[in-house]
Amino acid sequence: MMALIAALVLTRTAAYTSPRAPVVAGNWKMNPGTAEEALALAEALDAVEGREVVVFPPSCYLEAVARKTNKNVALGAQDACVLAESGAFTGAVSLPMLKMPRVDYVLCGHSERRSLFSDDDDAIRAKVRGALDAGFAAMLCIGETQQEYELGITDDICALQLAKALEGVTAAEMANVVVAYEPVWAIGTGLVCPATVAQRVHASMRQRLRATYDSSVADACRILYGGSASPLVIDGIMRQPDIDGVLVGGAALDAATFNQVSNFHAGWWRTRSFLKKVLHR
Ligand code: PEP
């Protein structure tokens, strides 16, 4: 028994490969301002064993960033137009156009898309559907506003957004969905949702997935936290048993800072919660 426990501890502290490999994702938004800066940032990113590091540059930089980043850093598009594959859609980039080497993810439902570009639940569902059909993984963002947080309706809002976006997504397709819980009030504000509060929301979303699909889908689905995550708070966030990584905005624009986030130490506490689960099965 002791040997088994020791083996489990070593496995979990060396690399978080099971049951859910953590994801550290960087959303560059409409940054940086020049291709040179984008390439310098791309080149300086660490790939970390046992963790999935993903960056979402502006689509005009994707191809060049793919050439410059470590091949173990995955790439994603920040959005995609799903109205058509090509045609008279000024300013839009379609899913087939994003089919480039190393581009694995499409971000769907980011709060800035919801609030600034009027992406509603139907549009987000169509983007998730389109991304999956086109062979991408969908990184689906959900999250409540400040007012909804203060009203205590976070779980209901998030559950609704989750259900609407995943309408028609099968259990098998869920292997290609990553969920990011991003309280809107914490995005770009410097306010971080307390780790224990985020943990409660994550556990609740996992429970919704269990009810909609089954335990294997719920237990395998990576649910990330997003909202002013930084090296200062990452270790505390990643100690939470239902938080499987982070989606980072501002802190993703400085390679050294983002690398610190990617190299987080979840430490003994996360290992302990994993052990608790395994031993109580
Ligand atoms: C985001 O844009 O998804 C985000 C979490 O931004 P920030 O880390 O800057 O709050």
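**Close-up 1. Glu167 sits in the loop between α7 (154-165) and β6 (177-181).** Helices here are DSSP runs of H or I with at least four residues, strands are runs of E with at least two, and both are numbered from the N terminus. The model shown is predicted: local features need pLDDT of at least 70, side-chain atom pairs count only at pLDDT 80 or more, and totals for chains, interfaces and linings use all residues. Residue numbers start from 1 along each chain as its sequence is written. Glu167 is partly exposed because 13 other C-beta atoms lie within 10 Å. On that scale, a residue is buried with 20 or more other C-beta atoms within 10 Å of its own, exposed with 12 or fewer, and partly exposed in between, with C-beta atoms placed from the backbone. If you look for Arg129, its C-alpha is 8.8 Å from that of Glu167, although the two are 38 residues apart in sequence.

**Close-up 2. Leu41 belongs to helix α2 (residues 35-43).** Leu41 counts as buried because it has 24 C-beta neighbours inside 10 Å. Leaving aside residues up to four places away in sequence, Leu41 touches Pro32, Leu253 and Ala255; a contact means that the two C-beta atoms, placed from the backbone, lie within 7 Å. Thr69 is 28 residues from Leu41 in sequence, with 8.7 Å between their C-alpha atoms.

**Close-up 3. Strand β8 (residues 245-248) is covered on both faces.** Gly245 and Leu247 are buried on one side, and Val246 and Val248 are buried on the other. In a regular strand, side chains alternate between the two faces of the sheet. Strand β1 (residues 23-27) runs parallel to β8 and is joined to it by four bridges, with Val23 opposite Gly245. Strand β7 (residues 223-226) also pairs with β8 in the parallel sense, over two bridges, and here Tyr225 stands opposite Val246. Two strands pair if DSSP finds at least two bridges between them.
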